[in-house]
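Hi everyone, thanks for making the time.

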Amino acid sequence: MKSDEKTKAFDGGDWAPEQAADALRAHGCRVTQPRIAVLRALLEHGGTIDAAELTERAQRTQPGIHEATVYRTVKVLTEVGIASHVHAGHGPSLVRLAGSDQLVAVCQDCGVISPVPGEAVDELVASVSAATGFVLEPGHFALEGVCATCSGDPTPPFA
């Protein structure tokens, strides 16, 4: 890659999981086996994920990687623009590839993470704007609630 492409915003769609080392180099990161394993796991998952599941997935290619190493790696990936975090109230730390602004809902009972359909988000943003003049910019924070399984509702609203 050319040097001016180093500063280009990260696009996970540009990188296959087996290209994790190349993606790290392209973004100016030192390439280590734990970093490759964490980024590969993020690329394979493709969505918002909590640190415990990310650790489990990274351990598939780098057995023995500790959750603390995953947190440190996520910090580095965030600093260079490859990953971003999502605030989820009192729940676990959530991470995803940078460039995604997908709003997610997190179940406060079981911890399942579900993407919220764009149409529902657009309707909420428009409704709040019409009622208050305030323009929401969703994505950095997760919504909290109870998933269909935990609530006993067999038909989730986003099906």
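Helices (H or I, at least four residues) and strands (E, at least two) are DSSP runs, numbered from the N terminus. A word on where this comes from: it is a predicted model, in which local features need pLDDT of at least 70 and side-chain atom pairs count only at pLDDT 80 or more, while totals for chains, interfaces and linings use all residues. Residues are numbered from 1 along each chain as its sequence is written, and side-chain values use heavy atoms, with hydrogens and water left out.

So, helix α4, residues 67–79. Which residues of α4 are buried, meaning under 20% relative accessible area, with exposed over 50% and partly exposed in between (1.4 Å probe, protein chains only)? They are T69, V70, T73, V74, V76 and L77. These cover an arc of only 160° around the axis, taking directions from the helix axis to the C-beta atoms, which puts them on the same side of α4. Their cover includes α1 (20–26), α2 (33–45), α3 (51–58), β2 (83–86) and β3 (94–97).

Now turn to the opposite face, away from the buried side: there you find the exposed residues R72, K75 and E79. The side chains of E79 and K75 meet in a salt bridge (3.3 Å, N to O), the term being a side-chain nitrogen of Lys or Arg within 4 Å of a carboxyl oxygen of Asp or Glu. Those two sit four residues apart in α4, about one turn of the helix. Just after α4, G81 takes a positive phi of about 90°.

The structure holds five salt bridges. Another one joins R25 and D22 at 3.2 Å, N to O; they are three residues apart in helix α1, so about one helical turn separates them.

Let's go inside. A nonpolar core is a set of buried Ala, Val, Leu, Ile, Met, Phe, Trp, Tyr and Cys residues joined through side-chain atoms within 4.5 Å. In the largest, with 28 residues, F10, V38, L39, L42, L54 and L77 touch the most other members. Helix α2 gives the largest share of this core, seven residues. Beyond its neighbours within four places in sequence, L54 is in contact with residues including V38, L42, V70 and V95.

Last stop: C147, in the loop between β6 (143–145) and α6 (148–151). Setting aside neighbours within four places in sequence, C147 contacts C107, C110 and V112.

Notes: Contact = heavy atoms within 4.5 Å.
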